[in-house]
Amino acid sequence: MRLLHTMLRVTNLEKSIDFYQNVLDMKLLRQSENSEYKYTLAFLGYGDEVDTTVIELTYNWGTDSYDMGNAYGHIAIETDDIYQTCEKIKSLGGVITREPGPVKGGSTVIAFVKDPDGYMIELINKKDAGKGLGEG
């Protein structure tokens, strides 16, 4: 077994595709519509779906807001240089909600960014990815 994708409901598919492509450098892998059930899907990722886990953006036609609830946490993305990545995200209008730096009580360097619908994305410096947050 392997993890295939994570689905996020979005209110503006074009705006979300633009964010994941141009701000987070993902590739749009495929897109499809289901007119019977009135939704459009877009799959984005850093590699082919055969080999990597991807994001599925779901736009339910006519829906302009969602209740985020309090159970969702975040998606984590590894980056080669978290400081450079955060500067790029800010220059493209992205919202950094936690500037890059070590996690309290540890040495793992993280940052957080919000997507257009408010979903949180944790960035983790490549050398720190896969470690527990308290590990150095």
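Okay, Glu87: at 48% relative accessibility it counts as partly exposed, and that label covers the range between buried, under 20% relative accessible area, and exposed, over 50%, with a 1.4 Å probe and protein chains only. Before I go on, this is a predicted model, where local features need pLDDT of at least 70, side-chain atom pairs count only at pLDDT 80 or more, and totals for chains, interfaces and linings use all residues. Residues are numbered from 1 along each chain as its sequence is written, and side-chain values use heavy atoms, with hydrogens and water left out.

So, back to Glu87. Its side chain meets that of Lys90 in a salt bridge, 3.2 Å from N to O. The criterion there is a side-chain nitrogen of Lys or Arg within 4 Å of a carboxyl oxygen of Asp or Glu. Helices here are DSSP runs of H or I with at least four residues, strands are runs of E with at least two, and both are numbered from the N terminus. Lys90 is partly exposed too, at 33%.

Lys90 has another partner: Glu99 forms a salt bridge with it, again with the closest N and O atoms 3.2 Å apart. Glu99 is partly exposed, with a relative accessible area of 43%. Through shared partners, Glu87, Lys90 and Glu99 end up in one network.

How many salt bridges does a search of the whole structure find? Five. One that I'd like you to look at is Asp80 with Lys126, where the closest N and O atoms are 3.8 Å apart. That pair links distant parts of the chain: Asp80 is in the loop between E5 and H2, Lys126 is in the segment after E8, and they are 46 residues apart. Asp80 is exposed at 64%, while Lys126 is partly exposed at 44%.

Now for a charged residue without such a partner. Asp115 lies in the loop between E7 and E8. Asp115 is buried yet has no salt bridge, and the nearest side chain of opposite charge, Lys114, is 8.8 Å away. For charges, Lys and Arg count as positive and Asp and Glu as negative, with His and the chain ends not counted.

What does the side chain of Asp115 reach at 2.8 Å? The backbone nitrogen of Asp117. There is also a polar contact of 2.7 Å between the side chains of Asp115 and Tyr20. A polar contact means a pair of N or O atoms within 3.5 Å; within protein, one must be able to donate a hydrogen and the other to accept it, and residues adjacent in sequence count only if both atoms are side-chain atoms.

Tyr20 takes us inside. Leaving out residues up to four places away in sequence, Tyr20 touches Leu8, Asp25, Met26, Leu44, Leu57, Asp115 and Ile121, where contact means heavy atoms within 4.5 Å. Tyr20 is also among the residues with the most contacts inside the largest nonpolar core, together with Leu24, Leu57, Ile121 and Leu123. That core has 25 residues. By nonpolar core I mean a set of buried Ala, Val, Leu, Ile, Met, Phe, Trp, Tyr and Cys residues joined through side-chain atoms within 4.5 Å.

Elements giving two or more residues to this core include helix H1 (13-23), E3 and E4. H1 gives the most, with five residues. A second, separate core of five residues includes Val103, Ile110, Met120 and Ile124.

Last stop, the strands. E3 (residues 39-45) is largely enclosed by the rest of the structure, because six of its seven residues are buried. On one side, seven bridges join E3 to E2 (residues 27-34), and the two run antiparallel. Strands pair if DSSP finds at least two bridges between them. Ser32 has Leu41 in E3 as its bridge partner. Six bridges join E3 to E4 (residues 54-60), also antiparallel, and Phe43 stands opposite Glu56 in E4.

In the hairpin of E2 and E3, with four residues between the strands, Lys38 takes a positive phi near 60 degrees. Lys38 and Gly62 are 24 residues apart in sequence and 8.6 Å apart in space, C-alpha to C-alpha. Gly62 is in the loop between E4 and E5, and it counts as exposed at 68% relative accessibility.
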